Each structure stands twice: as structure tokens, then as C-alpha cells.
Amino acid sequence: MIDLIAFIPRAVIQGIPLLFGSTGETLTEKSGNLNLGIPGIMYVGAISGVIGSFFYEQAGAPSPVLTVLIPLLCSMTGSLLMGLLYCFLTVTLRANQNVTGLALTTFGVGIGNFFGGSLIKLANSAVPVIVLSKTSAYFSATPAGGATDWFSRLFLSYGFLAYAAVIIALAASYILNHTRIGLHLRAVGESPTTADAAGISVTRYKYVSTCIGSVIAGLGGLYYIMDYAKGIWSSDAFGDRGWLAIALVIFSVWRPTLGIFASFLFGGLYILNVYIPTGTNLAIKELYKMLPYVVTVLVLVVTSVRNKRENQPPASLGLPYFREER
Amino acid sequence: MDNKTPAVKMRNITKTFGSVVANDKVWLDIYRGEILALLGENGSGKTTLMNMLSGIYFPDKGDISIDGKEVVIRSPKDAFDLGIGMIHQHFKLVDVLSAAENIVLGLPGKLDLKAATAKIRQICDAYGFEVDPKQKIYDMSVSQKQTVEIVKVLYRGADILILDEPTAVLTPQETDKLFAVLRNMRDDGKAVVIITHKMHEVEALSDRVAVLRQGQFIGDMPTKTTNAQEMTNMMVGHPVVLNIDRPDPVDPRPRIEVKNLTVRNIDGIVKLDDVSFTANSGEILGIAGISGCGQKELLEAIAGLQRVESGSISYIEDDGSREELIGKDPLEIQQMGVSLSFVPEDRLGMGLVGNMDLADNMMLRSFRRGRGIFTDRKSPHKLAETVVHDLEVVTPSVETPVRRLSGGNVQKVLVGREIAEAPKVLLTAYAVRGLDINSSYTIYDLLNKQKQAGVAVVYVGEDLDVLLELADRILVLCGGKVSGIVPGRGAKKRDVGLMMTRLGGKTDE
Amino acid sequence: MNKQTREPLIHITKRGSLPWYRTLGIRAAAILLAVIFSGLITMLLTGENPLKIYVTIFNGSFGSARRVWVLLQNTAILLMVALAVTPAFRMRCWNLGGDGQILAGGLATAACMILLGDKLPGWLLIVVMLAASVVAGAVWAVIPAWFKARFNTNETLFTLMMNYIATQIVAFFIVVWEVPKGAGQIGIINQISKAGWLPQVGPSKYLLNVIIAVVFTVLMYLYLNYSKHGYEIAVVGESERTARYVGIKVDRIIVRTMLLSGALCGLAGLLLVAGTDHTLTTTITGGRGFTAVMVSWMAHFNPIVMVFTSFLLVFLSKGGSEVASGFGLSASFGDILTGIILFFIIGSEFFITYKVNFRKHAGKENGK
């Protein structure tokens, strides 16, 4: 039997990077932009934070506040630039979103591994990794401290970015559903022509939501390195979590609050293979890892078969908007 | 009623699109506390004129004053600020949002749906609308969507309302409801304009009527002082002598027999209601009617593109054997020799592929005939060249994408291709839409040649004068019903015009 | 009266069309700019003379006979995948599932080689492998296609997910077939018997793939431009309404075309597993399913042009790694160069499709 008290926190910390990614991508998709560059952006978010932190640690990392702020700001700047690049190409230049997104992912993963590799060379360590233990200490400090009661283990055993992820998702949900900005954003993603006719600036909404979405997604990369991986960067360690985040958007039918639970579920599915009873064929492990994708496909199929309008992708998803097009 | 100062004064408004003059020095006054019917045939410039008031178009020349002050209306927002709101034929609503959300869309300030809901309720109570602010648009009927559009305009404080053919999508009951609401608004001191071509609506609803014809302002008068006959005269003008050739029918035999055909569109609105007629070989059957009265649905039903609710469509061979067309797919019907060339409003989109060149478009009908897996490229190419030559299509080459041809030339390509199929039945709609005189005559000649070759030609036209001179028989549609079938020779324009606006064409007086 | 402010400062309109030399000029300028820009970036990072960098990039691809072969092999495989996804793209159906379909084909191939390697005669084994890989790839593509045709399920997201499902299935079988137990990899399949290995043609084991890619390029070009199927695909892609109007069954075309896409991807999987790698890994595709999307798109879905675009991307990535190893940088440098080039090319399309008009003189009223 699985020890739930031990399992759930592990599922949560697996899920947090996905939650950042899916909240960011949900905001982006709500504006009608299908940003397949998210995996790349998360890499850039991670490496930018790592670069900032690396040099600050080299300088001795004297100030605790700056030790946290520098990687945070670096990460956000890095992802913001990626978001801007995507917007410039797809919104201003109306390029194909799929192609731009895929190129952005190639580019972003390249940037991540390239600068990661360069830093590893600079660090001159024996193993091909960068260790940022000082920074990580702040990022992975938990409110529970060393408490081992079930409440602390379930709810208080995470770094501050994990709580931030949940708060951001809740805030995103509130903004989308209860504010005028959210209303306008949804209108832009559903029907840019109607939004335009109502005097809403389609371009501005697309830019802002996509860039904010990128920054949020980038934080997922930062969380992964600084908290989950305890400050250790190695090439390609982040894996395909970016794609999983995109799957999560579909799975949570474009609802950030649902995304919170769904991300924990995905996190759980991701590590479920660790908990299979000993003696089972190890190969089954790999099939367990398939589960998040299979359920996502099922959700995608079921929502399209049921054709309930609330659960469909934003109607203009993936299409560029050009006012004078007929 | 104090009608002294007009709410809107339009003077010498001129608007051209390319070489087409849509509005030519139009004068129009709109008063508060009055419902004005803007009457005119299709293409007479009613919508264009009102679009200039609502900020969609900008006039080339002329002045607009609101309450005596000269204004410039650059955008829909400018129009709103001046209290002008227009309800277009195509609704601008976001499907997945609720009525209330759509109504407040684009407005500044904090989002307070409760307050908005209260205000919406208040508007609804004041005029007798029924809107559930929480209902999603995709759950609504067309008339509910229209109501949301009207409330949206009122919510923004409009007191000059323009409705573009609002009843086109409504059932008679819904129309009555709408009219009651519009009267309420008039009594509340708002200025209401409805664009229409339906005579009975003008009579039932309006206080004043203004008539446009071919972009020109013909006149206006209180509705009470006029009658349907006079308005029809103003609308259609005097008969024009065109001298279109009309050879006698060649051995006419029944070819297509339509019986009790009823068709509903996707929204469940009846577009054809118990329509019966016969189209003969060697004859041109003209179909007259105001646009949107079921012409499109009729032709599409015959071609197998439209779902039919009830009735039958038989194809009759020379030997008298019959075959039912309903239930067959478009390809089968095509292969039986029924050919449809429908020129839609945007000209492309149906029947032609804009990004393909002329030769490739010729292939749309014939590509299945190539040998083996490959298409036959030579004969479409030849056909394209023939069409270009015979119909004088202006194009750099047959390798030019049709998208880049002018509208008239696109049409020639489409009609030319359909005729080249050597059909037994040729269905054609708006074949001369937007064509110059010479090209139009080329098309008429082609149709006559088809007729003389024994083809059953069904010709849906917009121009009554042409129908009267070209068709052997004219079927008049009115609101999806057959208003009458008259012989083309000797038919009077007035009579047919009346039949278009009123079933049977009889005035009540 | 302020009627002058009607026209905005910058007004973007769609172009009718451009003569081919101007289109070509814009693209060439974009590539040139990208090359200069990436040279600058490299110079900043390495402090080397940019000319030397370009020479290094060139050497990465053409430095030795072996490198040329590797370049050709990579181009051939990438081209195969790009050819495979193109019919779907022509239909405006975004098949991002190339990777998954290749893996499905590769898995079927490996399964045949492992399970039937010693049971069937060589030629029959290869026939069975061919059939299995093609069917596997096709099935993997038809699943999303059927849902797209039937329920309008978003094919971009569906095919994307199918990639990862395929990856995990392959991972599963790798553990099942791993040699030796616990190694986590299959190793070279049938290393001694070479059962199911595609025969070597000519001087290099890569030549066969190159020949197949060339043949398929020509076939695909003919299929798309001269066959009835190709014509139907084009019509459906341009306008579903027109397609229905002339009696084309849109649903059937979607499924049929995706089936073709998947089958060809499956074949690419066969070439990778049985032709060159002789093993199966989860990363055997090297992301080619995605790169192929870009190859195909950059070539405007024209198979002949894809020869150049796939070559360009492979050339850059090889050059990038050569620069990286030559100047002590990370091997991912190639990805960055590829990204930069792609951004420039993607951006340049705008100037081909649209025209930017600046307001000439205020006072003209020209609203539309």
C-alpha cells in the first residue's frame, strides 16, 4: 500500500513546475496564441535564473534577499524576452504559431543547454553539473522546518515558489473569470473580430497575456532547478515537462484552478512508477509514465465528442488575426 | 409630435467602392419619436448609407449633423459616443460568453456583472425584452441573439437605433414581438431606423418611409399618405428596355419536378415552404424574389447540398422515367447532368478555389476523369483557354490564381466551367452579379444557347428587367413560398414586383 | 473639423502577389541577415574572427567524406519525415505527431527484427518489417485523424500527445527487450546475423536512405501536384465548402491523407532502425518530427524546395556542433544557430505576404 502522507508531497513537488507551465500556457492560449515554445521558455527561465545565481554565488552571495531576487529577476527577464520574441513573430508579423513555437522550443532548449554547458566549464567541477547550494537553500526552505506531523508534511513542506504557483493559478483564474481584463482577454481568444469591433485592442491583449504567460512558465523552470533539484543544473534534466505542461492545459480544460489539482495528479502519475510493488516487471514502469498523456488524450477526445462549448479550446486558437482579412 | 429638428441630418452623402457608386448625393433626415423605414431593392445602397452613420464606412463626400451639429464619425466608438447604435445582419457576439458579458464587452471600468445585470433588467422591463443575462449566446435562438444586440446598443446609451433587415431571421411571432419593442422605443422618444424591402413591414411599423434606388434618394413621405403600389413604383423604377434575345422554347418537356419542398436552415428557420414547380427542358425558368427568400436553398436542395425537411425533387428523363434526387449526394446528382453555378456574395468560397489558377479551377468538376491516379491537366487547361477566349475573361494568363481576377471575371470563369460540363439542367444564381453590360449579354447569350440545346435552365436573378426579357416563365418567391408563376412574355414589372413583396401580389385595397 | 486623422500612420495590407525574384530576394536577404547575425553572436561568444567561424561551419558538413555522408544521411531522413507530414499540412491539418509515427514505425521494425529475426528468410523478413512499420505509423496517425474527421478534435494537440504515448511504449519495449538485462537499452539488434538489416547499397550504408529520399521526393511531388488525391487535398485545404460543393468527401480525405503521412513516417522509422542505427531508442527521431514541420513550412509545402530547406537545417546543426567542439562550446550551439535562422525566415514571410504602407500625406481620406 502506498503511504499517502509520503506520496502526496512528492506528487506536489513534481506537479509544481507543470502548474507554472500550464497556468502560463492557459493565459497565453486564452488570447488565442498556441505557444508551443513553452518547453523552450521553461528552459530559458531555468537557465537565466541559474546564470544570475551562479555569478552571485561566485561573488559570495552576501545578501539573502539578493540571493533570492537575482535569480528570480533573471529568470523572469529571460522568459519575458522569449515571450516578446514569440509575440513579435506571431502577432506583429502574423507568422504561423506552430512553426514559431517549435522554433522557439528548439532555440530555448539550445540556449539552456548551451549556457548550462558553458557554466559547467566555468565551474570546472568533476561532474557535468552546476551546484547552487546557497541559492537553493533559500528556495527550498519550507515553513514546516523539520516538523514531521502529517499536516506539516502535507501542507507546509514546500519552498515559497510552490505556494506562489498555487496563488498565481488562483489569481489567474480570478482575473479570467471575474474581471473586465479577463472578460476582454477571453473575447480576444474566442472572437478577435468581435473584440476588435467592441474597441478592445487585440494586439495589446495578445502581447500582454502571452508575455505574462511566458514569465509564469519560466518560473516553473526556475522552481525545478532551485527547489526540486536542490540547485543542481545538468543538461536536459528538465526533460519533456514543458510538453506535459501543455498537455495539462488541455486536461484542465483551460481552467487554472482545475490545473492546480490536475498538476498534482500529473505529478503523482509521473512518479507512480516508483511505487509499483516490487517484483512487477520493471517495464511496466514506463507504461505508468504514459498515463498523463493517455488521460490527456481521453480528455481531449471526450470534450470534443461531448462538444460542450465551455470545454472547447478558445475558438481562435492558433490563428493569426488580421483585421482586413475576410 | 415635435419633429422640427431632425436627430440626424445627412446631406449629399456620396460613397464609392472602386467604380461602383453605392450612394450618390443622398439626403436623409431621421427624427426622434419616429420609426423610419429605409426601403429599397438589393444593392440600392441602404446598408452602405447606414454604415456611414455607424462608423463602419467613411463617406467620400457629404455632411452629417446630429441634433443640428456637424459631426465626423470615424469609428463605431464615435458613433456610440453620439448615441448611434446599429444592429447588423451578422451579429457581433462571443458565443461562449453570457448575454451580460457580451453586453458590457469593451466598456471601461471595473467589471460588475451584478450592476450590469440590474441595468439590463431595467432596459428589458422598460421596452419589453426578454433576455436572461446569464444565458450563454450559443444557447440562444437567432431572435434572442438579436435581442442581445439591441440591448447592447441601448446599454451604451444609444437613442438613435438602426436595424439592418432585422426580420430576415425571425419567425412571424418573433417579428411581432420585435415590432412591439420598437414601438415602445419610439414612444420613449428614440429615433428608430429599419432597413427593409418588405412592404408589409413598412406599412405595419413605420411612421415615415424613405426610398433609395440604385444609390440615389428617391423620396420620403409619411407612411399613412402612401400605398404599396406607389412605394413599389418608387423602389423598382420604370421598366428599362434591354433587348435581350428570347428565342422560343425548344421542345419543352418536364425535366425537374419539385413537389411540396420544405427546407429549414441550421437555425431551424423555414427557408422554403411547400414549394412546387416544374422546370422544363429547352426553357429558361426565371426565379424572382427579394434576396434571401429561399433562392439559394432551392438551388442547393436540387444540387444535393441542402438538407430537405419534406417534399420531393424528381429528375425526369426524356423517356419519362423519374429519379428522386433527395437523398443522393452532390456527386451523384452532378453525374446525372445537374449542374449548379451559384455566385455567392463573396464570389469565391463556393465553387472556386481562390488560390488556384484558372486551369486548376476548371478541374474541380472534371478531375475525377483523368486516367488512373493522375489528373488530366491538358483538357482543363484547354478549357480554361476556351473560356478565357469565348467569355473575354481579362486575366494575365490561365496560370493566374482566380483570387486575383476582378469579380466579373471570376464569375465568367465559374459560369463558363459549369456550361462546359454540357449539363442537362443548369442551375445558376446571380450569374451577372456585378458584371458590366457587355459581359452580362455574353452570359445571356450563353444561357440562351444552352436553352436551345435543350437544357433546362433555372436562372435566379436580381434584376427584374432582365428576368422579364430573358425568362420563358418566371417563378416568384416571397418569404420562401411560391407567390406565383407567370409567363415571361407579357409579364408586367409592377405585377411581378408586387408578387415579390406580397404573396400572390394582390394589394388589399 | 478634423477629418485628417482618419488614416493611421502605419497601415498593413495584404499583397496581391510578388514576382518570384522578389520573393526569393526577401528570403535570401533573411538568410543572409541570419548568417551575419549568428556570425556576430558566435564572435561575441568565442572572440574568434567570424570568417573563421564560417569556415568551421562549412567544415562541419564538408570536412571529410564521412561528414558529407552523415550530412546526406541526416538530410535524407529529415527530408523523408518532412515529405511525410507535408500532405497533411497541405490540407491545413497540423500533424505534429511525426515523432510518434516514426517511433511507431521503428518499434514495429525492431519487433519484427527481434521476434522474427531467426524465423524468416532475410528477404521475407524485410518485407514483413516494411509492412509492419508502414502499418504502425499509419495507425498512429489515423487515430487522431479519425477523431478530427468525426468530432473535429484538435489534431495539433492530439498528435502532440501521441508522440509521448509512443515514446513511453517504446521505453516499455526497450526494457522488455533490453540486452543485457538491466542495461536499459536494446543494443545492436541481430548484430551477428544482421537479420533484417537493410542491405548496403554502394560505398556507404547511408546511400540507400539517400536514394529512397530522392525517389520519395519525386513521387511526393508528383502525388501532390498531379494526382487526383493531391488535387483533392489541395481543394480541402483551401476551402472545405468548395470541396463539399464539388462532391469531395472531406472526412474521407482527412483520414486518407493522415494515413499516408503516418505510413511514410513509419517508413522513416524503418530506415532509422533497420537502415542505419540497428537499434531502437526513445530518442531515435532526434526531434525530426518537429524539425520536419519547419522544413515543410519553410518550403511552402513544396517537396522539391524541401530538399534545400532540410539541407539548410542539417547543415546548420552540423556546423553549429563543429563550431561548438572547435571553440570549446556546448554542443547545443547548433540549436541556437538553427533557432536564429528560423526566426529570420519566419519573420521574412511577413514581408512576402503583407505590405507595410506608411502614411504619405495626412489629408487623404482612405479608410478601407
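## A walk through chains A, B and C

In chain B, strand 11 and strand 14 (residues 310-316) run antiparallel and are joined by five bridges. Here strands (E, at least two residues) and helices (H or I, at least four) are DSSP runs numbered from the N terminus, and two strands pair if DSSP finds at least two bridges between them. This is a predicted model, in which local features need pLDDT of at least 70 and side-chain atom pairs count only at pLDDT 80 or more, while totals for chains, interfaces and linings use all residues. Residues are numbered from 1 along each chain as its sequence is written, and chains are lettered from A and ligands numbered from 1 in the order in which they are written.

**Strands of chain B**

B:Val258 stands opposite B:Ile313 in strand 14 of chain B, and B:Ile256 stands opposite B:Ala279 in strand 12 of chain B. The pairings can be set side by side:

| Strand pair (chain B) | Direction | Bridges |
|---|---|---|
| Strand 11 (residues 254-264) and strand 12 (residues 270-280) | antiparallel | seven bridges |
| Strand 11 and strand 14 (residues 310-316) | antiparallel | five bridges |
| Strand 7 (residues 160-164) and strand 8 (residues 191-196) | parallel | five bridges |

**A buried stretch of chain B**

B:Gly351 lies in the loop between strand 16 (338-342) and helix 11 of chain B. B:Gly351 is buried because 26 other C-beta atoms lie within 10 Å; a residue is buried with 20 or more such atoms, exposed with 12 or fewer and partly exposed in between, the C-beta atoms being placed from the backbone. Its C-alpha atom is 12 Å from that of B:Ala429, 78 residues apart along the chain. Helix 11 (residues 358-366) of chain B is mostly covered, with eight of its nine residues buried. Among them are B:Leu358, B:Met362 and B:Leu364, and also B:Asp360 and B:Arg365.

**Helix packing in chain A**

Helix 1 (residues 4-30) and helix 12 (residues 256-272) of chain A pack with their axes 7 Å apart, at an angle of about 135°. Axes are lines fitted to C-alpha atoms, for helices over the stretch in contact, and angles run from 0 to 180 degrees between N-to-C directions. The two helices are therefore oblique to each other: angles under 35 degrees count as roughly parallel, over 145 as roughly antiparallel, 65 to 115 as roughly perpendicular and the rest as oblique.

**Chains A and C**

In all, 42 residues of chain A are in contact with 40 residues of chain C, contact meaning C-beta atoms, placed from the backbone, within 7 Å. On the chain A side, helix 4 (97-123), helix 11 (241-251) and helix 13 (283-306) each give two or more residues. Helix 4 of chain A contributes the largest share, 14 residues.

Chain C itself has 13 helices and two strands. Of its 368 residues, 52% count as buried. Its C-alpha atoms fill a box of roughly 90 × 60 × 35 Å, taken along the principal axes.

Methods:
Two residues are in contact if their C-beta atoms, placed from the backbone, lie within 7 Å.
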